[in-house]
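Keep the structure open while reading.

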Amino acid sequence: MKRSAPPTNASISPPPVKRKVESTTTNKAVASFFKPTSQKEPEKLIWRTVNNSLIVGRYNVPNVPPQTRTLPVKVAAFDLDDTIIVPNTGSKWARSATSWKWWDSSVPGRLKQLYEDGYLVVVISNQGNISLKDNSKSLQRDTASLNNLKQQIGSIFRQLDFPLTIYAATDQDRYRKPRVGMWQELLEDYELLAEGAVDMASSFYVGDAAGREKTDKRRKDHATSDRDLAANIGIKFWTPEEFFRNESTEEYEHVFEPAKFLDDASSANGTKKDFVTSPFTKQGTQELVIFCGSPGAGKSTFYWDVLQPLGFERVNQDILKTMNPEKRDMLPGIAFKSFVQRFQEPTLKEGFEEIYEVDFEFKGSEEQKKVWSRYWVSKYST
Ligand SMILES: [Mg+2]
């Protein structure tokens with residue numbers, strides 16, 4: 001086909017540059033495509049997603065004798081970014097097969113040694129920048145962010161080259177660290193759900209989100225989610241410095257310790273303030289009680305336990321249909337934050353007849369108590 005002559009004003013455009021189009025299809029991949037299934041080398045890294053939220057990549061090494069792992073299993077779990085690897089480019093977010101290096105030169109050797117010592121080695125990572133949402137232009141194809149992660153993990157795991165699995169949470173849900181959804185998925189995958197199947201005393205988690213303050217060597221940690229995850233699971237926690245560089249353990253005290261409130265509530269029973277001894281009573285036929293308390297403080301419980309038997313009706317946002325807090329799976333952090341910001345302690349001067357202060361008291365089974373005692377949110381967790 002003949003090209004027509006360029007228009008006369010074409011000189012204002014730069015001359016066309018020949019670009020080499022790099023194909024992502026290799027000769028090997030083409031050869032593999034035409035190979036009968038029986039002759040194909042099995043894919044080492046298998047990906048799947050759970051609930052359109054959690055990404056799991058399991059790396060298998062064929063033709064290697066299975067690990068001699070006996071029950072109870074010791075789990076060695078690691079965070080990914082700033083723990084196993086760091087970016088080797090200026091941009092923290094430019095994730096690719098070549099944009100990383102080991103956090104410390106000792107990392108690959110230590111991980112391999114753990115595997116040889118019989119540990120189940122896994123990576124547990126929050127990847128909030130990855131979107132699993134369908135891209136209408138490329139149906140059935142990974143989003144660029146997911147593809148980049150897969151490329152990078154492929155290159156990391158191939159260098160380590162022993163069986164290991166990554167769990168990556170992409171959403172603000174039960175999988176996200178410090179919540180334990182990824183750990184539970186791991187237990188299911190490796191058939192470790194039975195009581196005592198995991199050697200909890202020897203298992204551990206290593207991560208850099210440890211809530212540490214700034215030092216002359218280090219920036220302030222961006223979150224506490226790694227430390228909190230280990231506490232929620234009930235296993236030992238190490239920072240990368242402690243684990244890979246044998247630096248001494250830094251003391252750390254949680255700013256917010258949910259379990260402490262259980263102790264306070266039970267030890268205060270019967271010994272504190274008037275409200276404990278003088279029960280709430282109904283004063284007249286027309287009476288309005290206003291609750292002030294953060295989400296989850298027990299306002300509804302107090303209504304059902306105390307006010308409903310006295311004949312009070314209840315009005316809340318659920319009934320008014322403005323919000324449905326009690327039908328939600330998970331309250332957003334903003335619900336608590338906005339309570340703290342807007343709460344003004346009521347005073348009698350405002351015209352209230354009486355102000356009752358009711359201390360928080362946990363009600364529930366031992367199992368529920370364990371769930372309640374976990375760290376559910378970590379500041380700035382990503
Ligand atoms: Mg990290």
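Predicted model: local features only at pLDDT ≥ 70, side-chain atom pairs only at ≥ 80, totals over all residues.

The protein chain has 382 residues, and 22% of them count as buried. It holds 12 helices and nine strands. Take the contacts between residues at least 6 apart in sequence: 69% of these join residues at least 24 apart.

Now the sheet. Seven strands build it, in the order β1-β2-β7-β6-β3-β8-β9. The sheet is open and its pairing is mixed. β1 (45-50) and β9 (236-238) stand at the edges with a single partner strand each, so one side of each has no neighbour in the sheet. From one strand to the next, the twist averages 20°.

β1 and β2 run antiparallel, joined by six bridges. Thr49 has Ile55 in β2 as its bridge partner. The two strands, β1 and β2, form a hairpin, with three residues between them. In the turn, Asn51 has a positive phi of about 50°.

Move on to β7. β2 pairs with β7 over six bridges, again in the antiparallel sense.

The next pairing has another sense. β6 (residues 120-126) and β7 (residues 164-169) run parallel, and five bridges join them. Val123 stands opposite Ile166 in β7.

Finally, look for the helix on these strands. Helix α4 (residues 181-189) lies across β1, β2 (54-59), β6 and β7. Helix α4 runs at about 145° to β7.

Definitions and conventions
Residues numbered from 1 in each chain as written. Pairing = 2+ DSSP bridges. Helix = DSSP H or I, 4+ residues; strand = E, 2+ residues; numbered from the N terminus. Axes fitted to C-alpha atoms, helices over the stretch in contact; angles between N-to-C directions. Contact = placed C-beta atoms within 7 Å. Buried ≥ 20, exposed ≤ 12 C-beta atoms within 10 Å, placed from the backbone.
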